[in-house]
Amino acid sequence: MSRKSTTLLITTSVVIIAAVAFFTSNRNNPTSDQVAGSIGTVDKYRSEQINSSDVAIPGQTPTGDDVFATWLNDTATLEELAGFMGRLSPQERLKFFDRATPEMAAMILDRAPAAAKASLYNRATPDERVAMMGRMAPEERTAALAKANITDYDRLTVAERASALDRMSLEEKAVAFDRATAQEKAACLGRCDVTERAKFMDRASVGERAQVLGRATVAERASLYERCTPAERAAVAGRMSIEGKAALLDRAAVAEKATVFGRATAQEKVTMYDNLTVQEKTTVLEKINLTADDFGRASVDERATFLDRAAPEERASLLDRASAGEKAAMFDRAPETERTQAFDRALVERASAADLERADLEKSRK
């Protein structure tokens, strides 16, 4: 080998080794998000909205209509589940309510009776109490101070003002609390014990509870769903949107899809076939030993009968070509046990995947 060839070979080898080392290093180095620690105080009301990428099963590419991502944002499902929150313990309910934003918490607290608002006011800091009073209309503030026999309010320090405001009546404290910001209201709520906080948040409407559930983790929702009876689970599955039901069928096993295909109407089966590519149609017809000409001359009912002879894999492939509306209609035709089983399986799979990914993320941050 000439000296020139040897030099070229050595140079090429060095470049290849350097490239491998570079990509290996980049792959093993954690990202800034992975190494970022918790800075400052944890805000218990911070949103942790979950999307399909948060709960993807390893080895699968998350999509916009991913079954669990669809279910997470399905309003009908969330409202159904929200009705079951009362059966949880106060501690369990607070796991959901602690996900509420300050605005959500304030909206719920605004419906509390005067005595409850006064108790929250009593938990405010001196600065918060003075700030609440400062937001009252001048005439309203003057009337409240007069009722509490506070005549030298403007000359007092913040601490002295807060102490003087403690002399206000229950009703006046409730009015002052109404002037608190959402953040102040949420902070006062956070200073209550578990039982008190749960009592306040139990005033939430079904719609508000559904909003809170929309911010819960996968595992938290799974724990609530697991408390439902079979009939309640069927109701939850039945109230899913068309997209949610279609997503459940998309996640079903081949054998299950083949069974669901059997419940389709003759026209639905033929429409699914028409949605196949030319090559896919050829494959199906070959598997059922039928020519394209014979299939073309058959009636809709006869074509549906022919397609029923296809293997489970082909029938499952046909089902995949159905529209979301057709899938939802077929899902509704399934017996209650099958619908809940499909829902249960998707829920458990996604909850387990989310737990695993969360554990992996925690390990990467340590």
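Accessible areas here come from the Shrake-Rupley method with a 1.4 Å probe. With that noted, I opened the predicted model and started with the whole chain.

**Entry 1: the chain overall**

I looked up the surface first: the accessible surface of the chain is about 19200 Å², and carbon and sulfur atoms hold 54% of it. Next I checked burial, and 41% of the 366 residues count as buried. What does the secondary structure consist of? I found 25 helices and zero strands. I also checked how far apart in sequence the contacting residues are. Among contacts with a separation of 6 or more, 76% join residues 24 or more positions apart.

**Entry 2: Ala100**

I then went to Ala100, which sits in the loop between helix H5 (90-97) and H6. Is Ala100 buried or exposed? Its relative accessibility is 0%, so Ala100 counts as buried.

**Entry 3: helix H11**

My next stop was helix H11 (residues 170-178). Its buried residues include Glu172 and Lys173, and Ala174, Ala176 and Phe177 are buried as well. Which helices do these buried residues pack against? I listed helix H6 (102-109), helix H7 (114-121), helix H8 (126-134), helix H9 (138-147), helix H10 (158-165) and helix H12 (182-190).

**Entry 4: H18 with H23**

A reminder to myself: two packed helices are described by the angle between their axes and the distance between the axes. For helix H18 (residues 254-262) and helix H23 (residues 312-320), the axes come within 8 Å and cross at roughly 70°. Angles of 65 to 115 degrees count as roughly perpendicular, so H18 is roughly perpendicular to H23. The crossing is left-handed. On the H18 side I noted Val254, Lys257, Ala258, Val260 and Phe261. H23 brings Pro312, Glu313, Arg315, Ala316, Leu318, Leu319 and Asp320 to the contact. Sorted by class, this contact of H18 with H23 has eight nonpolar, no polar and four charged residues.

**Entry 5: H19 with H24**

Last, I looked at helix H19 (residues 266-274) and helix H24 (residues 324-333), whose axes come within 12 Å and cross at roughly 140°. How does H19 lie relative to H24? That angle makes H19 oblique to H24. I noted a left-handed crossing for H19 and H24. Here Glu268, Thr271 and Met272 of H19 meet Glu326, Ala329, Met330 and Arg333 of H24. By class, I wrote down three nonpolar, one polar and three charged residues for the contact of H19 with H24.

Key:
Residues numbered from 1 in each chain as written. Predicted model: local features only at pLDDT ≥ 70, side-chain atom pairs only at ≥ 80, totals over all residues. Heavy atoms only, no water. Axes fitted to C-alpha atoms, helices over the stretch in contact; angles between N-to-C directions. Helix = DSSP H or I, 4+ residues; strand = E, 2+ residues; numbered from the N terminus. Parallel < 35°, antiparallel > 145°, perpendicular 65-115°, else oblique. Left-handed = near helix turned anticlockwise from the far one by under 90°. Contact = heavy atoms within 4.5 Å. Nonpolar A, V, L, I, M, F, W, Y, C, P; charged D, E, K, R; others polar. Buried < 20%, exposed > 50% of the residue type's maximum accessible area, 1.4 Å probe, protein only.
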